[in-house]
Amino acid sequence: MFDTTLRDGEQSPGASMTLEEKLEVADILDALGVDVIEAGFPIASQGDFESVSEVAKRVKTGSVAGLARASEKDIDRCAEALRDAKRPRIHTFISTSPLHMKYKLQMEPERVLEMVASSVSRARNHVEDVEWSAEDGTRTEFEFLCRAVEIAIRAGATTINIPDTVGYTTPAEYESLLTRLREAVPNADKAIFSVHCHNDLGLAVANSLAGVRAGARQIECTINGIGERAGNAALEEIVMAMRTRPDALPFHTGIETKLLTRASKLVSAVTSFPVQYNKAIVGRNAFAHESGIHQDGMLKNAFTYEIMTPESVGVAKTALVMGKHSGRHAFREKLKELGYELGDNALEDAFKRFKDLADRKKIVYDDDLIALVDDEIVNAHEFIKVDALMVMAGTHGPQSAALTLDIGGDKRTHQATGNGPVDAIFNAIKALAPHEATLELFQVHAVTEGTDAQAEVSVRLSEDGKSVTGRGADPDTLVASARAYVSALNRLMTKRGKTKPEAMQAG
Ligand SMILES: [Zn+2]
């Protein structure tokens with residue numbers, strides 16, 4: 001299993017992670033038993049370089065891969081970032097389809113083949129473990145693909161990846177492509193073949209599994225299926241398909257499936273990408289049975305409607321109900337049950353907020369805790385924080401907001417008016433932390449039912465073609481809005497200086 005949540009996943013519009021968040025994700029990927037963790041694209045920015053290098057130092061079991069285009073500069077920078085990895089892998093790629101070679105690369109096919117040889121050899125001079133990808137592989141002419149793969153293996157590539165970059169192939173077609181390729185390339189037995197599928201037609205997982213049937217022994221995927229456009233193949237779906245149907249799919253992975261729910265929640269929290277309710281394996285409804293007929297069957301025998309148990313993916317049966325009298329220990333246990341393990345400081349901060357919430361709200365539901373802890377994980381180490389907020393709203397405008405922000409330890413206050421309270425808050429933030437970003441999305445969602453429910457707000461900001469999403473939760477919708485905006489702003493600061501995403505697209 002090759003996970004690219006930190007590279008392809010992070011590349012999707014609006015998804016961005018800070019260094020601390022990337023390290024947390026790397027830890028859980030390592031604990032899950034992912035074989036290769038693709039940590040980023042070192043040449044893309046100083047921030048990407050640092051995160052690959054930090055992940056490389058940190059990961060104990062898996063290999064750590066960095067992505068590089070077919071240029072010496074890319075490859076050398078990638079090798080530098082991977083210097084401290086126990087098992088470094090350089091993943092280099094170039095487009096091989098007629099369309100990409102002509103319009104994107106503006107290169108003759110023969111020149112592309114030369115670049116394959118030179119880039120792979122250069123990478124091999126740095127590390128033993130080199131992966132080569134034929135970008136837009138599924139739309140590449142078969143004969144040309146065979147030549148490129150043969151050259152890459154001869155130059156020392158140990159893994160050959162055939163990506164369905166645009167999410168265009170079908171299972172039967174992909175299976176046939178990989179089967180024919182492995183037969184036609186004379187030195188095919190010297191490399192592991194890999195699949196990398198995008199989900200534009202909703203076929204990423206099906207295509208990946210078809211590739212495995214054809215002999216591929218590496219699957220590139222992401223947690224929650226996040227990634228460019230419609231995303232990548234979802235790791236949790238591939239793993240559970242193989243585990244649940246070993247008769248039809250006689251392959252196994254080393255993934256600790258009980259950590260899948262926790263990994264899903266963490267990635268959702270740090271990217272601010274919600275998981276759709278009916279998402280397979282990790283959606284909140286994935287194991288919910290609401291219809292009477294189903295419930296009746298379930299009570300008689302769980303296997304009537306359940307093909308796998310919620311426990312197998314780490315969904316615990318809820319035992320503890322939380323309220324204002326719950327103590328620290330119960331709180332910690334509850335979080336564990338929900339898949340969170342916080343450090344002492346984070347736990348203490350989250351506990352304070354939980355107590356505060358329990359004072360205001362009779363029952364604290366699991367979803368309340370999830371929103372609170374996610375907010376804590378996302379916003380705890382931020383440079384800019386919301387310190388205090390007072391809002392005047394109602395029928396007689398203008399609505400106004402008095403806001404205090406903590407900007408790197410320096411507290412500043414500003415009062416602003418606006419067309420409604422949210423506008424007033426955002427104007428105050430703009431005055432305190434001037435920026436040029438435009439607001440692309442403002443979304444409020446009630447975490448649970450009832451008028452005392454917490455509000456969870458998502459804010460997406462964009463600047464110079466880069467977009468980021470911030471999230472905030474609070475029983476007060478306006479406080480949640482301020483937190484979400486500030487969270488997005490913090491993310492934008494970490495993204496500045498990064499090369500435009502379209503110039504960096506890969507695989
Ligand atoms: Zn991709």
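I started with Arg 180: its charged end sits over the ring of Phe 142, 4.3 Å from the ring centre. For me, a charge sits over a ring if NZ of Lys or CZ of Arg is within 6 Å of the ring centre and within 35 degrees of the ring normal. I noted Arg 284 too, with its charged end over the ring of Tyr 277, 4.5 Å from the centre.

On the source: this is a predicted model, where local features need pLDDT of at least 70 and side-chain atom pairs count only at pLDDT 80 or more. Residues are numbered from 1 along each chain, and side-chain values use heavy atoms, without hydrogens and water.

Next, ring pairs. I found six aromatic pairs in the structure. Rings of Phe, Tyr and Trp (its six-membered ring) pair if their centres lie within 6.5 Å; planes under 30 degrees apart are stacked, over 60 edge-to-face, the rest tilted.

I looked up Phe 351 and Phe 354: a tilted pair, 6.1 Å centre to centre, with 40 degrees between the planes. They lie three residues apart in helix H14 (residues 344–360), so about one helical turn separates them. Helices are DSSP runs of H or I, at least four residues, numbered from the N terminus. Both Phe 351 and Phe 354 are buried (under 20% relative accessible area, 1.4 Å probe, protein chains only). Ring pairs link these two and Phe 331 into a cluster.

Then I checked Phe 426 and Tyr 485. Their ring centres are 4.3 Å apart and their planes at 45 degrees, so this pair is tilted. Phe 426 is in helix H16 and Tyr 485 in helix H17, 59 residues apart. Phe 426 is buried at 7% relative accessible area, Tyr 485 at 3%.

How values were computed
Helix = DSSP H or I, 4+ residues; strand = E, 2+ residues; numbered from the N terminus. Buried < 20%, exposed > 50% of the residue type's maximum accessible area, 1.4 Å probe, protein only.
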